[in-house]
Amino acid sequence: MADENLAPPVAFYFSVSIGGNNGEEDSAFQEVSGLTSTIEVESYSEGGENTFVHKLPKAVSHPNLMLKRGIAPIDASLVEWCQDVLDNGFAVAIEPKEVVVKLLDANGDPARSWTLSNAWPVKWEVGAFESTRNELAIETIELAYNTLKRND
């Protein structure tokens, strides 16, 4: 009999905490993407060496975290945070938050988790309304962040 812990976790059972592990947990997202770290590379051609180009590491970069879900109520804390940042014309200081994305096992316990530091909303988009489709109205929230750390 195979050990249950050896089976890879499924990608459809996850939660997102805005404000870190002690923040408000939200499992209502349809999709989360952007858990990516990439080292930027600078090419350097050495004089007299024509067979290759040196590739030198620069900084680590991350794309925006994309959160997709059905349109949330106006009083949801994530919506209020997005409105504070995006609708106030910088009259209020941006309050970065820690975001934790957890991939859950069959019992609802975290199988893997990632922490994103200093996240803040950079885009909030409502999907197209189409009279010929029978789907949920979807909002997409993009968060910029500084660092990504896998916790386990």
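## A buried threonine and its surroundings

T115 is buried, because its relative accessible area is 14%, under the 20% cut-off. This is a predicted model. T115 sits in strand β8, which covers residues 110–126.

What does the side chain of T115 join through a polar contact? The partner is the side chain of N151, at 2.8 Å.

**The overall fold**

The protein has 1 helix and 10 strands. Along the sequence, the pattern reads β-β-β-β-β-β-α-β-β-β-β. Among contacts with a separation of 6 or more, 61% link residues 24 or more positions apart.

**The core**

The largest nonpolar core holds 20 residues. V16, L65, L67, L78, V99, L116 and L143 touch the most other members. Strand β8 is one of the elements that each supply at least two residues of this core. The table gives the residue ranges of others.

| Element | Residues |
|---|---|
| β1 | 14–18 |
| β6 | 65–70 |
| α1 | 77–86 |
| β7 | 97–104 |
| β9 | 138–144 |

Helix α1 gives the largest share of this core, with 4 residues.

**The surface**

Of the 152 residues, 28% count as buried. The protein exposes about 10100 Å². Carbon and sulfur atoms supply 51% of that area. I39, V41 and V60 make a nonpolar surface patch of about 270 Å². I39 belongs to strand β4, residues 38–44.

Definitions and conventions:
Residues numbered from 1 in each chain as written. Predicted model: local features only at pLDDT ≥ 70, side-chain atom pairs only at ≥ 80, totals over all residues. Heavy atoms only, no water. Buried < 20%, exposed > 50% of the residue type's maximum accessible area, 1.4 Å probe, protein only. Polar contact = N/O pair within 3.5 Å; in protein donor to acceptor, adjacent residues only side chain to side chain. Core = buried A, V, L, I, M, F, W, Y, C linked by side-chain atoms within 4.5 Å. Patch = residues over 30% accessible without salt bridge, like charges linked within 9 Å, V, L, I, M, F, W, Y side chains within 5 Å. Areas by Shrake-Rupley, 256 points an atom, 1.4 Å probe, with all protein chains shown as cover. Salt bridge = Lys/Arg side-chain N within 4 Å of Asp/Glu carboxyl O. Contact = heavy atoms within 4.5 Å.
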